[in-house]
Every structure is written in C-alpha cells, then in structure tokens.
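User: Could you take me through this structure, one part at a time? I am new to reading such models.

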Amino acid sequence: MINKNIRNSINLWLSKMKYYQNLNFLQRGNIAKKILKLQYKIIGHGYHRIVYDLENGSVLKVATSINGINSNITEHHIYTQSPPHLLKYLSPVKAFGYGWLVMEKNTEKIQDDNGTYKNKLTVLRESFIREGIIPKDLKRGNLALSYEGEIIVIDYGNFQIIN
C-alpha cells in the first residue's frame, strides 16, 4: 500500500520524534513535515498525526507523537476487532505499520438537516457503547458521509475499548 521510500521516510521521522515531544503540536508537525518530505498533499493535521492524501482513494496517517502512534494502533485494533454491523460506520483501515496507517478516504461533509444528524449520531454512539467501545471525540470534524450516505467515522483514534 505504501512503498519502501515512504516507509523509510516515516522510520526516519519516528527515530527523531522523541527529540521534539516537548514542542507544541504545530511546531512538532512542521518539523515532521520537513523530515518526512512526502510529496502528497496534507489534508489534515491534528495534535498527534498528519494526514496525507495518497491520491488513490486512501489517506496516510503519520504519527507526530507517542499519542499518534497509539491512535493508529487503536484505529487498527477497533477496525479489525469490531463486529460486522459496526464496520459500515468506520472508515476502513487498509494497511498498518508502526507509526502509520492507511485508511480509505471519505471527505463528504455532514450537513445537519433539521436534527437528523444529531439523531443518527445518538443512535451510532449507543451502538458503539453496546459493543463495549466508548466513542470519545465523536464530533463533526471526525465524521464524513459514506458513499451510501451513512455517517462514517474517519478518526476513531481516541475511542476506547472497555473490557
């Protein structure tokens, strides 16, 4: 899914990441971008990860902190361990490695039409909880619409599994 050059760039960044942990997320992200030197458009940047558009229907999430590594692990684990009826609400994980994750790209934003969004989100939240998953950070910025028009979670790195 990602080639050896990209993996080498990510590994180089990860080997240096510990030196930048005390910087704020913007500074750390800027340094990560310079070290990574990936030739893809950045379509998202949060506190702990940078998201690149791989221009093939997928995105690459690269950790910029230990929390980012943990978020990638969480997304991979939740996607591979969730019951089938929940998978349609999760953006599919296509590939995974230490410090990085490739996920299907979903970009259609949710439009709230007379509270329908809130109602569907409540039902979705309850579905996750029934399966032992706490959907932390379930907010509009972490959601998109699937091709079928359903709410799909594109960032579930802060979700928590209860066991």
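Analyst: One term is needed at the start: contact means heavy atoms within 4.5 Å. Please also keep in mind that this is a predicted model. Helix α1 (residues 4-17) lies across β3 and β5, and this helix runs at about 25° to β3.

User: And which strands does α3 lie across?

Analyst: Helix α3 (66-81) lies across β2, β3, β4 and β5. Its direction is at about 135° to β4.

User: What is the order of the strands in the open sheet?

Analyst: The open sheet has five strands in the order β1-β2-β3-β5-β4, and the pairing is antiparallel. The edge strands are β1 and β4, each of which pairs on one side only. From one strand to the next, the twist averages 20°.

User: How many bridges join β2 to β3?

Analyst: Five bridges join β2 to β3, and the two strands run antiparallel. Isoleucine 50 has valine 62 as its bridge partner in β3. The hairpin of β2 and β3 has four residues between the strands, and glutamate 55 there takes a positive phi near 60°.

User: Is β2 largely enclosed or open?

Analyst: Five of the five residues of β2 are buried, so this strand is largely enclosed by the rest of the structure. Buried here means under 20% relative accessible area.

User: Which way do the residues of β2 point?

Analyst: Arg49, Val51 and Asp53 point one way from β2, while Ile50 and Tyr52 point the other way. All of them are buried. In a regular strand the side chains alternate between the two faces of the sheet.

User: Now to β5. How many of its residues are buried?

Analyst: Strand β5 (residues 100-104) has four of its five residues buried, so β5 too is largely enclosed by the rest of the structure.

User: What does β5 pair with?

Analyst: Strand β3 (residues 58-63) pairs with β5 in the antiparallel sense over five bridges. Serine 58 stands opposite glutamate 104 there. Strand β4 (residues 93-97) also pairs with β5 in the antiparallel sense, over four bridges, and alanine 95 stands opposite valine 102.

User: What about the hairpin of β4 and β5: which residue takes a positive phi?

Analyst: Glycine 99 takes a positive phi, near 85°, in that hairpin, which has two residues between the strands.

User: Changing topic: how much space lies in the largest pocket?

Analyst: The largest pocket holds about 750 Å³ of space. Its lining consists of 30 residues, and those nearest its centre are Arg49, Val51, Lys61, Asn142 and Asp155. Arg49 and Val51 are also among the buried residues of β2.

User: Which elements give two or more residues to that lining?

Analyst: They are β1 (41-45), β2 (49-53), β3, α3 and β5. Helix α3 gives the most, with four residues.

User: And what is the lining made of, by class?

Analyst: The lining of the largest pocket has 15 polar, nine charged and six nonpolar residues.

Definitions and conventions. Residues are numbered from 1 along each chain as its sequence is written. This is a predicted model: local features need pLDDT of at least 70, side-chain atom pairs count only at pLDDT 80 or more; totals for chains, interfaces and linings use all residues. Side-chain values use heavy atoms; hydrogens and water are left out. Buried means under 20% relative accessible area, exposed over 50%, partly exposed in between (1.4 Å probe, protein chains only). Two strands pair if DSSP finds at least two bridges between them. On a 1 Å grid over the protein atoms alone, a cavity is a set of points where a 1.4 Å probe fits but cannot get out, and a pocket is an open set with protein on both sides within 12 Å along at least five of seven lines; lining residues have an atom within 4 Å of a point. Grid points are joined across faces, edges and corners, and a volume is the space filled by probe spheres set on the points. Ala, Val, Leu, Ile, Met, Phe, Trp, Tyr, Cys and Pro count as nonpolar, Asp, Glu, Lys and Arg as charged, and the others, Gly among them, as polar. Axes are lines fitted to C-alpha atoms, for helices over the stretch in contact, and angles run from 0 to 180 degrees between N-to-C directions.
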